[in-house]
Amino acid sequence: MATARKSALVVDDSKSARVILSRMLEKYDIEVDMAESAEQAIEYLKTNRPDAIFMDQLMPGMDGLQAVQAIKGNPQTAMIPIMMYTSQEGELFVGQARALGAMGVLPKQVRPVDVSKVLYELHLLPDRRDMTEPALQPVELDLSTAVERPRSPASGGIDWGRRIEAAVKDQTLDIRRFIVASLDSFSTRIISDVRDAMPISGADPIAPLPKAPKPVWTWVAAVLAAFALAVAFAASWLASRNELARARAEIAGLQSANGELQRARVDLAAAVKDLTTALATANISTLPAAAPIGSGGSAVAARVEPVPYGEIAFDRSRLEVLRDLLTKLEAQGFHGVVKISSSAGLFCLSGNATDGYLPAAPTLPINRCDMIGNPLDEALSGQQRQSLAFANLVAGMRQRTAGAITVALESSGTTRASTPYPTRTENLTAGEWNRAATANNRVEFITESSTP
């Protein structure tokens with residue numbers, strides 16, 4: 001008995017990420033709906049109940065973890081399984097997601113075999129023990145894997161064109177064997193009918209007359225049946241050839257797209273390398289101490305940490321710096337405030353609002369940037385600038401020290417630039433501009449002792 005199709009909701013502000021995952025799911029006969037924001041997903045759930053939800057983390061407005069908390073807090077949607085679909089990594093993020101009710105994390109650089117495992121966990125695919133073997137096993141081609149790791153026959157990789165040809169030839173041979181067997185059966189019946197209709201040589205003339213031959217329409221039916229089989233074979237063969245041609249064209253298109261992707265990756269790697277060099281030359285990782293921590297109620301600049309483009313300010317390496325600093329202050333019996341201030345750099349970016357922005361290639365002229373700014377920082381509210389672990393650390397320190405040590409967070413946006421930006425000229429490149437933007441994209445830790 002046929003089972004109802006499973007459904008899934010993909011929530012991601014990146015159109016390309018939504019399309020890639022939806023195509024993977026549709027290969028498993030899963031009906032997919034898409035939402036480009038967490039707010040749109042929550043509105044969708046008011047009237048729909050998908051069998052599973054795939055949720056991105058970094059989105060404008062409400063982020064993925066906040067959306068998971070809202071969905072699990074609603075009794076009408078709390079039982080829908082949620083899988084985080086994000087580039088966020090690390091055991092810390094996985095622990096946060098599971099603590100809020102998500103089943104796990106599916107990375108965006110996902111392999112098809114990982115998708116299959118996740119679908120079994122979400123019960124979007126039937127248990128393997130309940131599946132019966134079909135009479136004919138269809139040939140499935142994993143084109144997404146072919147795109148990510150294209151291999152040529154010369155390099156020992158998989159030649160998908162030959163695989164497709166082999167599959168078509170196998171199907172053609174099966175159809176041909178069936179037609180030959182059917183024609184052989186019809187010819188045997190026709191020969192038997194003809195022999196029964198012919199008089200036997202030397203037979204007694206007084207013997208009963210031989211049986212009347214079978215009607216001609218049986219022969220006509222046999223010929224028509226053979227003709228119909230031949231037509232069906234020809235149609236199947238033509239369809240197979242068309243499918244082969246379409247598959248080859250699609251593989252060629254995917255290989256071309258993969259070439260573009262590889263070139264984009266090279267440009268991005270160059271941009272990251274250039275930004276890393278800028279961090280090293282800026283020498284902003286630490287500031288000299290003006291006095292020992294906790295002396296005389298003075299403000300001491302403890303540390304300055306860079307924030308890579310695309311990360312929220314109060315998370316990752318800044319979380320580790322704060323944890324180490326608070327541990328030392330508590331051991332010293334410090335009383336006062338730890339002020340943490342974030343500043344955002346104005347980056348030269350390439351991309352669009354639908355697919356997102358990335359730092360432009362270092363050699364790109366400054367006047368060809370698609371945007372100069374920091375859209376991620378501008379889209380975040382105060383609470384969204386800190387991770388769940390960061391907020392828990394701040395609250396836990398205040399409770400553990402009974403208010404002796406408090407942490408104050410503030411954001412100055414792009415208004416406070418410690419490193420001046422170069423003057424825009426025709427010869428200025430994105431790499432030169434983004435060096436200053438990287439230096440200004442930072443978090444500063446300052447301690448103010450209240451001990452006299």
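Modeller: Leaving aside neighbours within four places in sequence, Gln-96 touches Leu-65, Ser-387, Leu-388 and Ala-389. Keep in mind that this is a predicted model.

Biologist: Where does Gln-96 sit?

Modeller: In helix α4.

Biologist: Why is Gln-96 called buried?

Modeller: Its relative accessible area is 9%. Buried means under 20%. So Gln-96, at 9%, counts as buried.

Biologist: Which residues of α4 are buried?

Modeller: Phe-93, Gln-96 and Ala-97, in a helix that spans residues 91-100. They cover an arc of only 95° around the axis, which puts them on the same side of α4.

Biologist: Why do residues three or four places apart point the same way in an α-helix?

Modeller: Because an α-helix has 3.6 residues a turn.

Biologist: What does the face turned away from the buried side of α4 carry?

Modeller: The exposed residues Glu-91, Arg-98 and Ala-99.

Biologist: What do the buried residues of α4 pack against?

Modeller: Against α3 (64-73), β4 (82-86), β5 (104-107) and α11 (388-400).

Biologist: What kind of unit do β4, α4 and β5 make?

Modeller: A right-handed β-α-β unit. β4 and β5 run parallel, joined by 4 bridges. Tyr-85 stands opposite Leu-106 in β5.

Biologist: How do you know that the side chains of β5 alternate?

Modeller: Look at the two faces. Gly-104 and Leu-106 point to one face and are buried.

Biologist: What makes the link of Cys-348 and Cys-369 a disulfide?

Modeller: The S to S distance is 1.7 Å. The cut-off is within 2.5 Å, so the pair qualifies. By this rule the count comes to 1 disulfide. The pair links distant parts of the chain, 21 residues apart. Cys-348 is in strand β8, and Cys-369 is in the loop between β9 and β10.

Biologist: Are these two cysteines buried or exposed?

Modeller: Cys-348 has a relative accessible area of 0%, so it is buried. Cys-369, at 16%, also counts as buried, because the limit is under 20%.

Biologist: What is the mean pLDDT of the protein chain?

Modeller: The mean is 78, and 73% of the residues reach 70 or more. Over residues 129-139 the pLDDT is below 50, and this stretch has 3 contacts beyond near neighbours in sequence. Residues 141-155 also stay under 50. Where pLDDT is low, the predicted coordinates should not be read in detail.

Methods: Residues numbered from 1 in each chain as written. Predicted model: local features only at pLDDT ≥ 70, side-chain atom pairs only at ≥ 80, totals over all residues. Heavy atoms only, no water. Buried < 20%, exposed > 50% of the residue type's maximum accessible area, 1.4 Å probe, protein only. Helix = DSSP H or I, 4+ residues; strand = E, 2+ residues; numbered from the N terminus. Arc of directions from axis to C-beta. Contact = heavy atoms within 4.5 Å. Pairing = 2+ DSSP bridges. Right-handed = clockwise from strand over helix to strand, strands pointing away. pLDDT = per-residue confidence, 0-100.
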